[in-house]
Amino acid sequence: MSFIPGRIISKLFNHGSLRNVGGKVRFSVKNRLSPATLLSVSHVVVDGDDIPLRAINVAVDDASAKPLTAISDETPLDFPLGTLLTFFLDVSPLTAGSHEITVVFTTRPFGELRMAINDPLNTGAAAPGTLPRDAENDYTPEIIAARQAFLRVHSGAKL
């Protein structure tokens, strides 16, 4: 088993990805370490509440979500470098403000990893005058166009 400092593991979490969407709570994790295989997720805790694993689905990038309970040593989930793993929790919507999230998962080749973070609920409202960002993928043509339009409006420069 590898030892990876908590500061590095916390960078896997996509800060700003915690949202209430379609009656579920969702957040995402991006593989920024190395190609890996997800063997299991043993705990997901939100604000001290252990979320039942049967109430969680996951999706890699834009693939269809699958029940977390379908992932095991026998049926692992490929988690290549740079891919996004989105968690969908069938729980009551979260209130505005910061929330504590802990995820304990087992991967190959890293073994068991524990990620504990605080992240404010993303309500979708951007503060006035801030550069448009996308917590999950900051390089889509749409978000790039939004940033370019923001720069044209606020600087008067032609890009």
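Buried means under 20% relative accessible area, exposed means over 50%, and partly exposed lies in between, with a 1.4 Å probe and protein chains only. By that scale L131 is partly exposed, with a relative accessible area of 39%. The structure is a predicted model: local features need pLDDT of at least 70, side-chain atom pairs count only at pLDDT 80 or more, and totals for chains, interfaces and linings use all residues. Residues are numbered from 1 along each chain as its sequence is written, and side-chain values use heavy atoms, with hydrogens and water left out.

**Overall layout**

- The protein holds two helices and 10 strands, where helices (H or I, at least four residues) and strands (E, at least two) are DSSP runs numbered from the N terminus.
- Read from the N terminus, the order of elements is α-β-β-β-β-β-β-β-β-β-β-α.
- Along the principal axes, the C-alpha atoms fill a box of roughly 55 × 35 × 30 Å.
- Of the 159 residues in the protein, 37% are buried.

**The open sheet**

- An open sheet is formed by five strands in the order β1-β2-β8-β5-β6, with antiparallel pairing; two strands pair if DSSP finds at least two bridges between them.
- β1 (19-21) and β6 (66-67) stand at the edges with a single partner strand each, so one side of each has no neighbour in the sheet.
- Strands of a sheet pair through backbone hydrogen bonds, either parallel or antiparallel.
- β1 and β2 run antiparallel and are joined by three bridges; R19 has R26 in β2 as its bridge partner.
- The hairpin of β1 and β2 has two residues between the strands, and G22 there takes a positive phi near 55 degrees.
- β2 pairs with β8 in the antiparallel sense over six bridges, and the bridge partner of S28 is T86 in β8.
- β5 (residues 56-60) and β8 are antiparallel and pair over five bridges, with N57 opposite F88 in β8.
- Five of the seven residues of β2 are buried, so β2 is largely enclosed by the rest of the structure.

**Salt bridge**

- A search of the whole structure finds one salt bridge, defined as a side-chain nitrogen of Lys or Arg within 4 Å of a carboxyl oxygen of Asp or Glu.
- K24 forms a salt bridge with D90, and the closest N and O atoms are 4.0 Å apart.
- The pair links distant parts of the chain, 66 residues apart: K24 is in strand β2 (residues 24-30), and D90 is in the loop between β8 (84-89) and β9 (98-108).
- K24 is partly exposed at a relative accessible area of 28%, and D90 is partly exposed at 49%.

**Surface patches**

- Patches are made of residues with over 30% relative accessible area and no salt bridge; like charges are joined within 9 Å, and nonpolar side chains (Val, Leu, Ile, Met, Phe, Trp, Tyr) within 5 Å.
- Accessible areas come from the Shrake-Rupley method with a 1.4 Å probe, and for residues only the protein chains shown count as cover.
- L131, L151 and L159 form a nonpolar surface patch with about 280 Å² of accessible area together.
- L131 lies in the loop between β10 (111-120) and α2 (141-155).
- A patch of negative charge on the surface gathers D47, D49, D50 and E100.
- Lys and Arg count as positive and Asp and Glu as negative, while His and the chain ends are not counted; a charge is placed at NZ of Lys, CZ of Arg, CG of Asp or CD of Glu.
- D50 is found in strand β4 (residues 49-50) and is partly exposed, with a relative accessible area of 47%.
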